[in-house]
Amino acid sequence: MSVLKIDHIYKSFRNVDAVQDLSLDLEPNVIFGFLGPNGAGKTTTIRMIMDIIKPDRGSIFINDQPNTLQMREKVGYLPEERGLYRKMKISELLVFMAELKGLSASQSKPKIEYWLERLELLDWIDKKVEELSRGMQQKLQFISTIMHEPDLIILDEPFTGLDPVNSDLIKQIMFEQKQRGATIIFSTHLMEQVEQLCDSICLINKGRIVLGGNIRDVKKEFRKNIIRMEFEGDATFIKNQELIERYTDHGTHYEIHPKESAPIQQILQAAAQEVMISKFELMEPSLHNIFIDVVTQKERNGS
Amino acid sequence: MNKSWTIFKREYLTRVKTRGFVIGTIIGPVLLLLISIGPGFLMNLQSEKEKNISVVDLSGVVYEKLDEAIDDTTETGSRIYQFKEILATESKLDSVKSTLRTKVDQNEIDAFLVIPPDAVDKNESEYYAKNVSNFEENSKFRSAISGIITEYRLKQSEIDPALIDKLTKRVHLRTFKISRGGKEQEDIGLSFVVTFVMIFFLYFMLIMYGALVMRSVYEEKLSRVVEVIISSCKPFQLMTGKVLGVGGVGMTQFLIWVGAAALLGVYSQAIIGMFFAGAADVVFPHIPVSVLVYFVLYFLLGFILYATLYAGLGALVSTEAEAQQLQFPVLFMIIFAFIFAFYIIRNPNTDLSIVISMIPFFAPITMFTRIATMSPPFSEILLSLALLVGTIILLLWLAGKIFRIGILMYGKRPTLPELLNWIRY
């Protein structure tokens with residue numbers, strides 16, 4: 001069973017191809033990082049999932065069913081451009097939002113109270129939205145996204161404007177939602193958070209998927225032999241051009257790029273003879289670097 | 001559950017519950033009442049203060065009759081106008097006038113009248129005071145003096161003033177309105193007032209609530225709430241929910257006002273009597289039920305027509321200033337219909353009136369005006385209704401298309417060809 005299946009969708013606006021031949025298949029119970037540079041087509045794709053705009057070609061299925069209004073009652077969406085009815089009371093607003101998702105007032109009331117309590121907004125229940133701070137409004141909109149227990153949750157930059165305490169709270173709730181069985185599409189530019197939260201990712205650029213899969217597989221694919229080393233003493237081995245291509249002195253540590261032919265083991269031995277090693281590790285490429293590599297490389301190839 | 005209903009409920013309840021609505025509902029009619037009868041009422045408020053008026057009567061005809069001609073009294077029964085004759089000759093007139101002028105200036109007297117020696121032949125007299133803008137007072141003196149002089153002339157010609165009065169008596173014209181079925185009803189001009197009030201009300205509601213729909217749409221768009229809403233309901237449902245929700249608020253206000261007016265109708269005589277002692281026997285015109293039904297019908301259809309138009313326009317807007325601009329052509333159509341209603345009241349059956357009353361964008365006001373002033377053939381009413389409903393259906397479809405795309409477009413306003421493209425999409 002798949003929670004979301006996107007089958008070869010295309011969308012263009014006035015001769016700009018926003019999304020081209022994009023396919024995805026998401027299982028239940030995952031947090032999926034949906035990444036890409038600005039203007040890559042992320043928001044367009046998300047809007048097509050929400051049926052706000054229609055794809056030119058291709059189709060989208062939710063819970064293996066055609067993407068109807070009724071199916072979308074099982075989807076929660078936190079758009080990047082956020083907004084709430086400023087003049088409404090918080091309780092009224094949430095009842096309204098829940099009703100749009102098919103929950104009657106009596107069904108939504110206990111959920112609303114639970115979530116307001118959980119996100120420390122219960123004291124504000126009778127206040128108007130405009131009286132809340134930005135961060136609070138963001139939490140409020142987050143509640144409206146998840147309170148109807150959707151199978152698919154789409155979060156577009158959910159952490160902007162939140163302090164670390166609230167960010168952690170949201171992260172925790174995201175994990176809980178995943179454990180409940182929900183699938184979360186998490187779109188962000190903060191790679192660090194993707195590494196913490198996501199099981200799998202997909203990176204799109206210029207409307208196409210350029211990289212995708214399980215996060216560990218992606219990293220393995222991009223692993224390069226880069227050594228991060230901390231030591232005390234005079235090092236001459238790093239100048240050995242047979243072993244080492246180049247290195248960078250970061251003050252606290254060295255970043256060493258070995259020659260492709262040189263075995264890592266040999267470098268370690270050479271180093272051990274000269275200096276006191278306190279740290280020696282093969283660096284994992286960060287998603288950050290992968291992102292930049294892939295995007296800039298594609299651009300170079302493209303031009 | 002139907003999402004339109006959810007949208008409708010929110011639009012309706014959040015508006016009706018505001019303090020602004022409650023105040024507007026109460027203040028509206030009060031304001032209308034103040035504007036319509038306020039000035040007349042204030043003019044009628046007599047200044048109770050006694051006024052000392054000096055009279056220089058060189059003709060020797062006017063002064064002795066003045067007390068009799070102007071005998072207004074205060075509530076306690078004392079005379080308001082205290083006349084005092086100043087004796088003067090024609091040669092001394094200028095110096096007397098200048099003394100009196102100083103007296104007026106120093107508030108020793110309130111005003112003075114000068115009747116020239118040849119007033120009877122030359123038809124001239126003069127009134128000096130600090131304030132000469134009180135039309136009522138001016139006309140009081142004018143008619144008193146000219147009455148006295150006319151009577152004097154008649155006597156000189158040995159004609160009995162009572163006879164003249166009898167011979168020149170005006171003939172009273174009573175007006176009867178014949179409505180469909182040949183029923184007649186005496187009308188003393190108040191039915192014009194009632195018709196006018198109803199037309200004004202239509203005009204006012206179309207402008208106010210139409211703009212409210214537009215505002216509701218573009219506020220939702222500009223605050224970006226719409227993205228979440230539109231992912232949970234169809235754009236068409238959102239649009240109809242909004243149009244009907246805001247319309248419901250207008251309808252509620254309307255019913256409150258009609259209810260209040262009905263109560264006022266029952267007690268109208270007592271209320272009018274409170275303000276104008278002499279008007280207690282005024283009969284409040286009876287509005288035929290059919291006219292009321294048409295009123296509600298044209299209000300509803302007119303509102304849906306304009307609200308749909310406004311909703312479509314609201315979706316195109318990216319800034320508040322743009323909204324003002326786009327609003328103008330629509331506003332113009334409503335204003336045009338309203339202005340034209342004045343022509344129709346006087347000429348309800350000319351070809352021009354008939355044509356204008358058929359055009360759907362004007363019909364809510366112009367056809368109703370015709371219905372209220374005369375009884376147009378039923379076929380004409382039916383045709384105008386059919387055209388109106390047809391246009392509404394077309395407009396709903398069209399605005400729905402524009403709404404769907406426009407509501408998510410920010411930045412540059414689409415050009416006309418682009419709009420046509422959206423409609424085809």
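1. A word on terms before we start: two strands pair if DSSP finds at least two bridges between them. Helices (H or I, at least four residues) and strands (E, at least two) are DSSP runs, numbered from the N terminus. The model you are looking at is predicted: local features need pLDDT of at least 70, side-chain atom pairs count only at pLDDT 80 or more, and totals for chains, interfaces and linings use all residues. Residues are numbered from 1 along each chain as its sequence is written, while chains are lettered from A and ligands numbered from 1 in the order in which they are written.

2. Let us begin with a sheet in chain A. Four strands form an open sheet there, in the order β12-β13-β11-β14, and the pairing is antiparallel. At its edges stand β12 (244-249) and β14 (276-282) of chain A; each has a single partner strand, so one side of each is left without a neighbour in the sheet. From one strand to the next, the twist averages 25°. (Axes are lines fitted to C-alpha atoms, for helices over the stretch in contact, and angles run from 0 to 180 degrees between N-to-C directions.)

3. Now look at one pair of strands in this sheet. Five bridges link β12(A) to strand β13 (residues 254-258) of chain A, in the antiparallel sense. The bridge partner of A:R246 is A:H257, in β13(A). Helix α8 (residues 264-274) of chain A lies across β11 (227-232), β13 and β14 of chain A, and runs at about 165° to β14(A).

4. Chain B has an open sheet of four strands too, with the order β2-β1-β3-β4 and mixed pairing. Which strands stand at the edges? They are β2 (81-85) and β4 (126-129) of chain B, each with a single partner strand, so one side of each is left without a neighbour in the sheet. On average, neighbouring strands of this sheet are turned by 20° against each other, direction ignored.

5. Strand β3 (residues 111-115) of chain B runs antiparallel to β4(B), and four bridges join them. B:L113 has B:Y127 in β4(B) as its bridge partner. Helix α4 (residues 93-105) of chain B packs on the sheet, where it touches β1 (51-57), β3 and β4 of chain B; the direction of this helix makes about 160° with that of β3(B). Two residues are in contact if their C-beta atoms, placed from the backbone, lie within 7 Å.

6. Next, where the chains meet. The contact takes 20 residues from chain A and 17 residues from chain B. Helix α2 (residues 90-100) of chain A gives the most to chain A's side, with three residues. By class, the side of chain A that touches chain B has ten nonpolar, two polar and eight charged residues. (Ala, Val, Leu, Ile, Met, Phe, Trp, Tyr, Cys and Pro count as nonpolar, Asp, Glu, Lys and Arg as charged, and the others, Gly among them, as polar.)

7. What does α2(A) meet in α1(B)? A:F96, A:E99 and A:L100 in α2(A) meet B:K3, B:T6 and B:R10 in α1(B). Sorted by class, the residues of this contact are two nonpolar, one polar and three charged. The axes of α2(A) and helix α1 (residues 3-16) of chain B come within 9 Å and cross at roughly 165°. The two helices are therefore roughly antiparallel to each other (angles under 35 degrees count as roughly parallel, over 145 as roughly antiparallel, 65 to 115 as roughly perpendicular and the rest as oblique).

8. Is α2(A) mostly covered or uncovered? Mostly covered: ten of its eleven residues are buried. (Buried means that 20 or more other C-beta atoms lie within 10 Å of a residue's own, exposed that 12 or fewer do, and partly exposed is in between; C-beta atoms are placed from the backbone.) The buried residues of α2(A) pack against α3 (105-118) and α4 (134-146) of chain A, together with α1 and α9 (226-232) of chain B. After α2(A) comes A:G102, whose phi is positive, near 90°.

9. Lastly, a loop residue. A:H189 lies between β8 (183-187) and α6 (191-197) of chain A. With 15 C-beta neighbours inside 10 Å, A:H189 counts as partly exposed. A:H189 and A:G33 are 156 residues apart along the chain, and their C-alpha atoms are separated by 9.9 Å.
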